[in-house]
Amino acid sequence: MRVLILGGDGYLGWPTAMHLSARGHEVAVADNYLRRNLCQELQLEFLHDVPDLTKRADLWQSISGHKIAVHVGDLNDWDFVAEVFQKSSPQAIIHYAEQPAAPYSMLDRQAATLTLSNNLMVTANVIFAVREYCPDAHIVKLGTMGEYGTPNIDIEEGWLEVAHKGRQQKFLYPRQASSLYHTTKIMDTDLLWFYVRTWGLRVTDLMQGPVYGMFTDESSQDDRLLPFFNYDEIFGTVLNRFVVQAVAGYPLTVYGKGGQTRGYLNIKDTLNCVRLAVENPADPGELRIFNQFTETFSVNDLAEKVREAGKQVQLNVQIEHIENPRTEAEEHYYNPVHTGLLDLGLTPHYLSEEVLLDMIEFVMRHKSSIQTDQMLRNVKWN
Ligand SMILES: NC(=O)c1ccc[n+]([C@@H]2O[C@H](COP(=O)([O-])OP(=O)(O)OC[C@H]3O[C@@H](n4cnc5c(N)ncnc54)[C@H](O)[C@@H]3O)[C@@H](O)[C@H]2O)c1
């Protein structure tokens, strides 16, 4: 298939590009380096150096023989979007290209409005580009489990059958996000659903949980192919941060009581989920929603797992409960359904001690570049 990956320089975008190209798909990527630029502005360093997209695509071609077409530009810019869609003529579009961090979206007014306008405008441009240039193409959009929040009832896979005064209808499952970033994801879903109903687009919206890890079959062939790895409080996801904190001898920073429970997945499973969605497209006029995670853990569970794994390599890992900068429930019911991707054939990679030790070993090799002043950046919800 011809697949266009928007946000192809990102933590998930680049590994996805290699994964699909290794499996015979014709892949093009587009990115404007927004993530790298925001990190630079906030003086947040990646754990290790990551070559730009063009260099990585050249390296991947020399190793694998597969070509990935690279387009550098802003997907808010319609001329750029039109050019990329016309050149790549995609059958599937994987839309990762958003500002993806809850803490960044809560930083200040400028960060909030950038998140709102970037995320919604890119999604709107994708919708209009599909309508204009490839109306039968399948949009695979990355949403987040955070769209649902933490309701006191089971979380279904995207939809809820509601019975009201003797009548019934299926609606999008009620959403109540706990950050502005997550709210933009809800708005994306609403935009997509509107145009699915109106124009008959085919869309899969993947409600993904926080991802951990960096090793995939493709990136393991050369360290320069690894995705970038943030361990700071703004862009780093929780397990990645804990592993770096453990190696740096910095106490694991658990927010509040640590009972916050979410669905997590290994980066390898992200790639498989997205590939399964691409290879089994939604029907025209269908908004298909999958909950994309493999296991649920509380923050306390994750901290304990990192502490236990650390013991194997003589790390004396401390855990510290700090004041919670977020407005969120610290103890709550959490029971989300996640059968759709398993039914499509996903074989999960669970969070074993071996997985944690691989991550710890990698981070230890880069220990000298860890900057502990990145661990907390004082972004508060209130
Ligand atoms: N990483 C996770 O744990 C996680 C969990 C749930 C959902 N998601 C979602 O998955 C997607 C990918 O996440 P990620 O962790 O790879 O984030 P990322 O920031 O590493 O990747 C997003 C990429 O999109 C690019 N981008 C953003 N706006 C753009 C624009 N206007 N034009 C061109 N390129 C643009 C960025 O430069 C970046 O390279 C995001 O939509 C994110 O919200 C991620």
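In which helix does T183 lie?

Modeller: T183 lies in helix α7. Keep in mind that this is a predicted model. Start with the residue itself. T183 has a relative accessible area of 26%. Buried would need under 20%, and exposed over 50%. T183 therefore counts as partly exposed. Its side chain also makes a contact. The side chain of T183 reaches the backbone oxygen of S179 at 2.8 Å.

Now follow the chain onward. V196 is 13 residues from T183 in sequence. In space, the two C-alpha atoms are 20 Å apart.

Next, the aromatic rings. Y195 and W199 form a tilted aromatic pair, with 4.4 Å between the centres and 45 degrees between the planes. Why can these two pair up along one helix? Y195 and W199 are 4 residues apart in helix α7, so about one helical turn separates them. In general, an α-helix has 3.6 residues a turn, so residues three or four places apart point the same way. The two partners differ in cover. Y195 is buried, because its relative accessible area is 14%. W199 stands at 24% and so counts as partly exposed. The pair also belongs to a wider group. Ring pairs link Y195 and W199 with F128 and F194 into a cluster. Across the whole structure, a search finds 11 aromatic pairs.

Another of these pairs joins F215 and F362. That pair is edge-to-face, at 5.6 Å centre to centre and 85 degrees between the planes. F215 sits in the loop between β9 (211–212) and α8 (238–248), while F362 sits in helix α12 (residues 353–365). The pair therefore ties together parts that are 147 residues apart in sequence. F362 has 1% relative accessibility, so F362 counts as buried.

A nitrogen atom of the ligand is 2.8 Å from an N or O atom in the side chain of N118. For the side chain of Q208, a ligand nitrogen is 3.4 Å from an N or O atom. An oxygen atom of the ligand is 3.2 Å from a polar backbone atom of Y96. How much of the ligand does the protein cover? On its own, the ligand has 820 Å² of accessible area, and the protein covers 97% of that.

Helix α9 (residues 267–279) has 13 residues. From first C-alpha to last, α9 reaches 18 Å, close to the 18 Å expected at 1.5 Å a residue. Is α9 mostly covered or mostly open? It is mostly covered, with 11 of its 13 residues buried. Among them are I267, D269, L271, R275 and V278. At the start of α9, a side-chain oxygen of N266 reaches to within 2.9 Å of the backbone nitrogen of K268.

Methods. Residues numbered from 1 in each chain as written. Predicted model: local features only at pLDDT ≥ 70, side-chain atom pairs only at ≥ 80, totals over all residues. Heavy atoms only, no water. Polar contact = N/O pair within 3.5 Å; in protein donor to acceptor, adjacent residues only side chain to side chain. Areas by Shrake-Rupley, 256 points an atom, 1.4 Å probe, with all protein chains shown as cover. Buried < 20%, exposed > 50% of the residue type's maximum accessible area, 1.4 Å probe, protein only. Expected span 1.5 Å × (residues − 1). Phe/Tyr/Trp six-rings, centres within 6.5 Å; stacked < 30°, edge-to-face > 60°.
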